[in-house]
Amino acid sequence: MNRPESIKSLRSMPARTWDMIIIGGGATGLGIAMDAASRGYKTLLLEQADFAKGTSSRATKLVHGGVRYLAQGDVALVREALYERGLLLHNAPHLAHNQQFIIPHYSWWQGPFYTIGLKIYDLLSGKLSLGKSKHIGKNEVTHRLPNIQAEGLKGGIVYHDGQFDDARLAVNIAQTAAENGAVLLNYCKVDGLLKEHGKVSGVTATDLESGESFRLAARTVINATGVFVDEILQLDNPGARPMVRPSQGVHLVLDASFLQSSSAIMIPKTSDGRVLFAVPWHNKVLLGTTDTPLESHSMEPVALEQEIDFILATAAQYLTRTPTRADVLSVFAGLRPLAAPQKDTNSTKEISRSHKIIVAPSGLITITGGKWTTFRKMAEDTVDEAIRQGNITPAKCNTKGLRIHGYQKQPMAQVPLDVYGSDAAQVQALAAMRPAFAKTLHPRLPYIKAQVIWAVRQEMARTVEDTLARRTRALFLDAQAAIDMAPEVAELMAAELGRDEAWQQQQVKAFTAVAQNYLLKNVRTREQLPVGA
């Protein structure tokens with residue numbers, strides 16, 4: 001995870017043929033890089049922005065089978081996701097853990113209905129179950145969820161799923177891939193495909209920091225760019241049919257006092273049929289998500305006023321302390337890369353969450369759809385497909401038991417260093433080297449200066465946003481606090497990267513512009529929502 005060294009490796013071996021070049025540094029691309037490198041393939045991953053910059057840092061932070069998909073009858077997807085959930089909790093216990101959920105019910109029929117459904121959920125998880133679901137009475141629900149609306153409450157169903165830190169996991173997967181020999185580069189944009197006799201034989205790419213261009217040969221090229229897969233498909237075939245239909249999910253972050261519980265709340269069916277969660281996360285509460293089909297996508301999606309109102313109004317129905325706009329510490333939007341339907345539809349329920357792998361006549365392999373929970377299986381299927389295409393020597397997948405970088409069976413309880421797992425001791429040692437490094441960056445958040453230094457030295461953070469949004473989660477937890485921290489973070493990073501005062505000012509300005517979209521008062525209204533939203 002050393003960017004200058006990665007650039008040097010491209011310069012020093014221009015004629016090298018990579019077994020696999022992966023375009024896209026989100027959950028899918030990083031998972032493929034880890035899988036391919038662990039099989040012994042010469043692997044290169046290129047990301048136009050930062051790792052997990054898009055969808056992969058904006059999830060609901062759940063590693064789950066998907067109770068919603070079980071209700072829709074997609075048993076195969078649920079079984080696969082539950083299996084992968086179990087593997088991830090074993091392979092990355094410092095980042096993924098067992099989370100208890102409670103479904104409160106306000107009518108008698110919902111009790112047996114959801115209890116039976118979740119018993120099936122338990123059975124599908126098999127030996128990797130996280131705990132048995134059960135029905136509990138009203139008094140027990142209010143004891144476990146002191147802020148739940150008690151009027152009309154009949155009882156609740158307890159079940160277990162996984163929770164994780166998405167962006168931190170992405171960084172650790174990148175480190176795992178690098179430790180297995182992969183070369184990874186952020187801020188390196190693929191702007192063209194090389195072809196020989198009509199077959200893709202590599203890519204052209206530009207280092208966005210220096211402007212340097214590269215021609216890189218590969219036996220296999222993988223398009224794993226999430227909501228941006230169609231842009232790469234257009235490079236291969238300008239007339240290619242769109243493969244992705246984005247759906248926007250919005251989340252609001254509140255103070256922990258709104259939940260006052262280590263249990264999460266799951267509302268299985270809201271007024272418009274969506275699922276809503278209230279989940280404890282990094283000593284805050286995460287509310288979400290929406291499911292709004294969109295016609296377009298961007299690197300920085302913005303929450304719609306209608307989505308925010310929907311979440312606040314729904315939460316008010318179930319919490320005794322009603323959250324208001326003034327209580328929202330951060331709001332963030334993410335785009336799910338749903339596989340596009342064969343027929344026109346504005347209902348995301350008709351769009352599969354399963355992943356799909358498409359091989360173009362040129363040999364370009366594209367993977368679409370899927371979800372964070374199944375990233376490992378998506379990677380395995382993609383590399384297996386590359387082997388079937390005959391361009392690389394067969395090798396077996398070995399990621400089922402591969403420990404993710406930072407693996408620590410019993411993570412330390414201290415926040416925020418618990419997410420570093422086995423690296424936590426080194427971060428602490430860094431803080432001990434200089435007293436200033438042990439100081440917190442903001443009184444409302446637990447992050448210390450040593451984490452900024454670590455992000456630059458060990459985790460390829462290149463911008464203030466990289467550090468405040470994804471190496472730490474400051475922007476997602478308290479947007480205003482993150483803005484306040486930006487100048488000091490820029491100064492610390494500049495000293496590490498050898499940047500000047502002008503760079504610091506530019507970084508603070510750029511980060512503040514991005515962070516404005518995370519402040520509720522600055523959320524813009526889109527004049528018209530797509531039909532069916």
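Predicted model: local features only at pLDDT ≥ 70, side-chain atom pairs only at ≥ 80, totals over all residues.

Let me start with a question: is Arg 499 buried, partly exposed or exposed? Arg 499 is partly exposed, because its relative accessible area is 34%, and the terms here are buried for under 20% relative accessible area, exposed for over 50%, and partly exposed in between, with a 1.4 Å probe and protein chains only. Residues are numbered from 1 along each chain as its sequence is written, and side-chain values use heavy atoms, with hydrogens and water left out.

Arg 499 sits in the loop between α15 and α16, the latter being residues 501–515, where the helices (H or I, at least four residues) and the strands (E, at least two) are DSSP runs numbered from the N terminus. If we set aside residues up to four places away in sequence, Arg 499 touches Glu 209, Arg 462 and Ala 494, contact being heavy atoms within 4.5 Å.

Two packed helices are described by the angle between their axes and the distance between the axes. For helix α12, residues 449–458, and helix α15, residues 479–497, the axes come within 10 Å and cross at roughly 40 degrees; these axes are lines fitted to C-alpha atoms, for helices over the stretch in contact, and the angles run from 0 to 180 degrees between N-to-C directions. The two helices α12 and α15 are therefore oblique to each other, given that angles under 35 degrees count as roughly parallel, over 145 as roughly antiparallel, 65 to 115 as roughly perpendicular and the rest as oblique. Among the residues making this contact are Val 452, Ile 453 and Val 456 of α12, together with Val 489, Leu 492 and Met 493 of α15. By class, the contact of α12 with α15 has seven nonpolar, no polar and four charged residues, where Ala, Val, Leu, Ile, Met, Phe, Trp, Tyr, Cys and Pro count as nonpolar, Asp, Glu, Lys and Arg as charged, and the others, Gly among them, as polar.

Helix α13, residues 464–471, also meets α15, and here the axes come within 9 Å and cross at roughly 125 degrees, so α13 and α15 are oblique to each other. On the α13 side the contact is made by Val 464, Thr 467 and Leu 468, and on the α15 side the residues include Met 485, Val 489 and Met 493. This contact of α13 with α15 divides into eight nonpolar residues, one polar and no charged. Because eight of the eight residues of α13 are buried, α13 is largely enclosed by the rest of the structure, and the cover over those buried residues includes α7 (166–179), α12, α14 (474–477), α15 and α16.

Let me turn to the backbone. Most residues other than glycine have a negative phi, and most peptide bonds are trans. Met 460, in the loop between α12 and α13, has a positive phi of about 60 degrees although it is not a glycine, and at 2% relative accessibility Met 460 counts as buried. Asn 283, in the loop between β13 (276–281) and β14, has a phi near 65 degrees, but at 58% relative accessibility Asn 283 counts as exposed. Which two residues does a cis peptide bond join? The residues are Gly 288 and Thr 289, with omega at about 15 degrees, and Thr 289 lies in the loop between β14 (284–288) and β15 (292–293).

My last stop is strand β6, residues 155–164, which is largely enclosed by the rest of the structure, because ten of its ten residues are buried. Strand β4, residues 96–105, pairs with β6 in the antiparallel sense over ten bridges, pairing being called when DSSP finds at least two bridges between two strands, and Phe 101 stands opposite Tyr 159 in β6. Strand β5, residues 134–137, pairs with β6 in the antiparallel sense over four bridges, with Lys 134 opposite Val 158.
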